[in-house]
Amino acid sequence: MKPPRYLYLDEWETPAHSYPRQKLGCAEIKAYRITKGVYPMYGVSGFDYFKAEAPLTDIQLKIRGKTWMVSDPLHWKSMLEHADKYHGHVLCAGLGLGLIIHALCDNRRVKQITVIERERDVINLVGPQLPRDNRIKILHGDFWDLDPWVMDKVDGVFYDLFVGDGPKLYPQALRVWFQLHEKWPDAVRRIHGFNNEQLESLDGLLERT
Ligand SMILES: C[S@@+](CC[C@H](N)C(=O)[O-])C[C@H]1O[C@@H](n2cnc3c(N)ncnc32)[C@H](O)[C@@H]1O
């Protein structure tokens with residue numbers, strides 16, 4: 001058995017660390033503490049765990065008191081990994097802390113980024129913290145109301161609307177995977193929080209049957 005791969009950290013910083021800690025309507029950006037200890041990385045960036053060797057300051061987005069996004073090592077490194085898979089026009093479901101947008105802006109193969117967010121307060125709070133980059137367009141609305149026919153051609157879809165227990169949400173993720181395929185059959189699809197290579201292999205199964 002291979003030994004677990006650790007990411008050792010005694011400090012932590014992401015683009016969200018420079019955001020003002022403030023509340024706007026139902027949305028709030030807050031700092032919180034990651035206590036010393038070992039936390040899962042699920043293989044992201046080649047690590048099984050990260051080890052906080054000192055307490056780390058991290059940033060979270062709360063909406064009506066519920067935590068919707070954090071910028072901890074698992075989430076930030078996941079966003080970097082997702083962003084690297086895209087090119088052309090990328091459609092993102094959910095703005096959150098906008099970490100995926102920072103990561104996509106660093107990918108020169110990405111030519112256009114459309115993000116749809118249903119909470120206007122999140123757009124007003126996080127929107128001004130995104131890079132000044134004319135590839136970015138933010139829409140206010142529900143992702144599932146988007147009509148692919150009235151949009152520019154989409155080369156990639158990034159879906160990050162699940163919050164909660166991965167294994168319990170897997171049946172829903174499967175449904176979303178195929179719904180995304182129906183709407184954008186030619187696009188690279190990724191769902192945050194799930195094994196996207198495994199999901200892609202289901203497409204192969206469908207083609208053979
Ligand atoms: C997990 S966060 C996204 C995190 C983001 N990927 C990032 O990098 O920071 C999910 C966001 O999606 C928004 N949201 C939830 N359901 C939505 C929907 N049906 N349509 C559009 N936005 C939605 C939430 O308000 C929240 O801001």
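Trainee: How many Å separate the centres of domain 1 and domain 2?

Mentor: Two ground rules before the answer. This is a predicted model: local features need pLDDT of at least 70 and side-chain atom pairs count only at pLDDT 80 or more, while totals for chains, interfaces and linings use all residues. Residues are numbered from 1 along each chain as its sequence is written. Now the answer: taken over C-alpha atoms, the centres are 21 Å apart. The domains are 6-71 for domain 1 and 77-208 for domain 2, with bounds from an automatic or database domain assignment.

Trainee: Which residues does the contact take from each domain, by number?

Mentor: Two residues are in contact if their C-beta atoms, placed from the backbone, lie within 7 Å. Here domain 1 gives 17 residues and domain 2 gives 14 residues.

Trainee: Which element gives the most to the domain 1 side?

Mentor: Strands are DSSP runs of E, at least two residues, and helices are runs of H or I, at least four, numbered from the N terminus. β6 leads on that side, with three residues. The side divides into 13 nonpolar, four polar and no charged residues. Nonpolar covers Ala, Val, Leu, Ile, Met, Phe, Trp, Tyr, Cys and Pro; charged covers Asp, Glu, Lys and Arg; the others, Gly among them, are polar.
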